[in-house]
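Subject: Handing over the structure

Dear colleague,

I am passing this structure on to you, and my notes on what was found in it follow below. Please look through the sequence and the model before reading on.

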Amino acid sequence: MTESEAVCPERLVMEHVTSRWGTLVLITLLERAHRFSELRREIGRVSEKMLAQTLRTLERDGLVHRDAKPVIPPRVDYSLTDLGREAAEQVRDLARWTERRMAAVERARAAYDAARP
C-alpha cells in the first residue's frame, strides 16, 4: 500500500473512476463486455499502454473483471463487476449532466473571460 492509499484511499479510488480513461472505460463497458482491441477502438485516442494500465487499475479496485479464455489465439474479455456497474452508472449520470448543462458552462466561461482584461 502506498502512502497516498493509506492517507486517503477514497480519494485514490475517486481518481481512478473519474480519470479521463477510467470514465470512458466504465461507460463503454456498461453496454457489454469488450475485448481489449474493441475497447480501444470504441474509446479512441488511447494508447495501448494507457488502456492496459487503466484496466489493471480498475480490475485491482474490483470494478472490472478480466476473463482470459484458454484458446488460440488468446481471447480476453473485460466486463464490469457489480461494483463497477454501480460506479459506471454514477459516472454516466455525471457525463449526461455535463452534456445537458454544457451551454450553461459555456455562457459562464464567456462571462468570466469577458470580465477579465
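I begin with Arg45, which lies in the loop between H4 and H5; helices here (H or I, at least four residues) and strands (E, at least two) are DSSP runs, numbered from the N terminus. At 75% relative accessibility, Arg45 counts as exposed, where exposed means over 50% relative accessible area, buried under 20%, and partly exposed in between, computed with a 1.4 Å probe on protein chains only. Its phi is near 55°, a positive value in a residue other than glycine.

Please keep in mind that this is a predicted model, in which local features need pLDDT of at least 70 and side-chain atom pairs count only at pLDDT 80 or more, whereas totals for chains, interfaces and linings use all residues. Residues are numbered from 1 along each chain as its sequence is written, and side-chain values use heavy atoms, with hydrogens and water left out.

The sheet

Three strands form an open sheet in the order E1-E3-E2, with antiparallel pairing. E1 and E2 stand at the edges, each with a single partner strand, so one side of each is left without a neighbour in the sheet. Two strands are taken to pair if DSSP finds at least two bridges between them. Strand E1 (residues 34-35) is joined to strand E3 (residues 75-80) by two bridges, and these strands run antiparallel; here His34 has Tyr78 as its bridge partner in E3, while Arg35 stands opposite Asp77.

His65 is bridged to Ser79 in E3, and Ala68 to Val76. E2 and E3 form a hairpin with five residues between them, and the loop between these strands contains Pro73. The peptide bond from Ile72 to Pro73 is cis, with omega near -5°.

Ala68, which has its place in strand E2, is partly exposed, with a relative accessible area of 44%. Leaving aside its neighbours within four places in sequence, Ala68 is in contact with Arg75 and Val76, contact meaning heavy atoms within 4.5 Å. The C-alpha atoms of Ala68 and Arg35 are separated by 9.9 Å, although these residues are 33 residues apart along the chain.

The nonpolar core

A nonpolar core is here a set of buried Ala, Val, Leu, Ile, Met, Phe, Trp, Tyr and Cys residues joined through side-chain atoms within 4.5 Å. Of the 20 residues in the largest such core, Val25 and Leu26 touch the most other members. At least two residues of this core are supplied by each of H3, helix H4 (36-43), helix H5 (48-60), E3 and helix H6 (82-115), and H3 gives the most, with five residues. Not counting residues up to four places away in sequence, Leu26 touches Val17, Leu58, Leu63, Leu80, Gly84, Ala88 and Val91.

Thr28 is found in helix H3 (residues 20-31) and is buried, with a relative accessible area of 8%. The side chain of Thr28 reaches the backbone oxygen of Leu24 at 2.7 Å. Apart from its neighbours within four places in sequence, Thr28 is in contact with His34, Leu39, Glu42 and Ile43.

His16 lies in helix H2 (residues 9-18) and is likewise buried, with a relative accessible area of 17%. Its side chain makes a polar contact with the side chain of Asp61 at 2.4 Å; a polar contact is a pair of N or O atoms within 3.5 Å, of which, within protein, one must be able to donate a hydrogen and the other to accept it, and residues adjacent in sequence count only if both atoms are side-chain atoms. With residues up to four places away in sequence not counted, His16 touches Gly22, Thr57, Leu58 and Asp61.

A charge over a ring

Lastly, the charged end of Arg116 sits over the ring of Tyr112, 3.9 Å from its centre, the criterion being that NZ of Lys or CZ of Arg is within 6 Å of the ring centre and within 35 degrees of the ring normal.

With best wishes
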